[in-house]
Amino acid sequence: MAYLTVNDVRLHFERYPQPGKPVLVLSHSLFFDWRMFEPLIALLQKDFEILVYDHRGQGQSSHGGPRDMDTLTEDAVALIDALELAPCYFAGNSMGGFVALRLAARYPDRLRGCIVMGSSADLEHQLAEFQPLVEQLAREGAADQIDTLMYIMFGDDTLRSPAQAALCAQWRARMRQLGSEIGAAAHGVISRASVLPELAGLQVPLLVLAGAQDHAYSVAQSEQIVSASGRGNCRVIQAAGHSVALEQPEQVAEAICLFAQE
């Protein structure tokens, strides 16, 4: 367990050294923390030096300051620079994907490749549906909304499969404990600006992964990222919803390894 203060915020991170291997930074989803990548780390640790961290306002990082996507992007740049990770692969799931796209568009020299999972480059398409949820989270925390959060964050197969019951129970218990502070992070997510114009002529190699059963962002929204940037391709992850890196780590690990070999 390690901490680094950047941009007046104390970020928690974990590092898995692998000398001589390319660096992969993993950036987590809203309502999660770095632990959502534990299954993926186990599969990729032999091929990459991995760094995972908690966004400000989540996990074990401090809760001060704004939580908008531009601020989170500046946190990521500062972390990469302070730990001398550039050029690195940067992979983000959902909220982490918003950060990954902004990094790739604005700081291409820091990245060797950009991997976006269960995310979008556009404005929030379900703003009317999500706004009341975010307001309630800011008032009361997540406990009373846990069924809604589980539906948003996981695919149908994951929620129904006996083989995934332990995974769902684990994250259901963790998300139930989120207090009202999570409302600020959620507001930062749904109020984000579009980065579609910034992606035109993207210089960084790009891989986009979409969950076939994503209840938050459709496959079409992932394909839109590829179309706007003119880079890479979109791969659909089967039997996965919004949290593709957690639900189907084997498929995601295979896709990342192939991408890094290109």
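Author: What follows is a short tour of this structure, which is a predicted model.

Reader: Thanks! Let's start with the sheet. In what order do the strands of the open sheet come?

Author: The open sheet has eight strands, and their order across it is β1-β2-β4-β3-β5-β6-β7-β8, with mixed pairing. At the edges are β1, covering residues 2–6, and β8, covering residues 233–237, each of which pairs on one side only.

Reader: And how much are neighbouring strands turned against each other?

Author: On average, neighbouring strands of this sheet are turned by 25° against each other, with direction ignored.

Reader: Going back to β8, how many bridges join it to β7?

Author: Five bridges join β8 to β7, the strand made of residues 206–211, and these two strands run parallel.

Reader: What holds paired strands together in general?

Author: In general, the strands of a sheet pair through backbone hydrogen bonds, and the pairing can be either parallel or antiparallel.

Reader: Which strands does helix α2 lie across?

Author: Helix α2, residues 69–82, lies across β1, β2, β4, β5 and β6, and the helix runs at about 115° to β1.

Reader: New topic: I clicked on S94. Where is it, and is it buried or exposed?

Author: You will find S94 in the loop between β5 and α3. With a relative accessible area of 5%, S94 is buried, because the cut-off for buried is under 20%.

Reader: What does the side chain of S94 make a polar contact with?

Author: The side chain of S94 makes a polar contact with the side chain of H242, at 2.6 Å. Not counting residues up to four places away in sequence, S94 touches S29, M117, G118, S119, Y217 and H242.

Reader: Now the helices. At what angle do α4 and α5 cross?

Author: The axes of α4 (residues 127–140) and α5 (residues 146–153) cross at roughly 130° and come within 12 Å. That angle makes α4 oblique to α5. The crossing in which α4 passes α5 is left-handed.

Reader: Which residues meet there?

Author: From α4, F130, L133 and L137 meet T148, L149 and I152 of α5.

Reader: What about α8, how many of its residues are buried?

Author: In α8, which spans residues 182–190, seven of the nine residues are buried, so this helix is largely enclosed by the rest of the structure. The buried ones are I182, G183, A185, A186, G188, V189 and I190, and what covers them includes α2, α3 and α4.

Reader: Where is Q251, and which residues is it in contact with?

Author: Q251 is found in helix α12, residues 249–261. Leaving aside neighbours within four places in sequence, Q251 is in contact with R235, V236, I237 and Q238. The relative accessibility of Q251 is 19%, so this residue counts as buried, given that buried means under 20%.

Conventions:
Residues are numbered from 1 along each chain as its sequence is written. This is a predicted model: local features need pLDDT of at least 70, side-chain atom pairs count only at pLDDT 80 or more; totals for chains, interfaces and linings use all residues. Side-chain values use heavy atoms; hydrogens and water are left out. Two strands pair if DSSP finds at least two bridges between them. Helices (H or I, at least four residues) and strands (E, at least two) are DSSP runs, numbered from the N terminus. Axes are lines fitted to C-alpha atoms, for helices over the stretch in contact, and angles run from 0 to 180 degrees between N-to-C directions. Contact means heavy atoms within 4.5 Å. Buried means under 20% relative accessible area, exposed over 50%, partly exposed in between (1.4 Å probe, protein chains only). A polar contact is a pair of N or O atoms within 3.5 Å; within protein, one must be able to donate a hydrogen and the other to accept it, and residues adjacent in sequence count only if both atoms are side-chain atoms. Angles under 35 degrees count as roughly parallel, over 145 as roughly antiparallel, 65 to 115 as roughly perpendicular and the rest as oblique. A crossing is left-handed if the near helix is turned anticlockwise from the far one by less than a right angle, and right-handed if clockwise.
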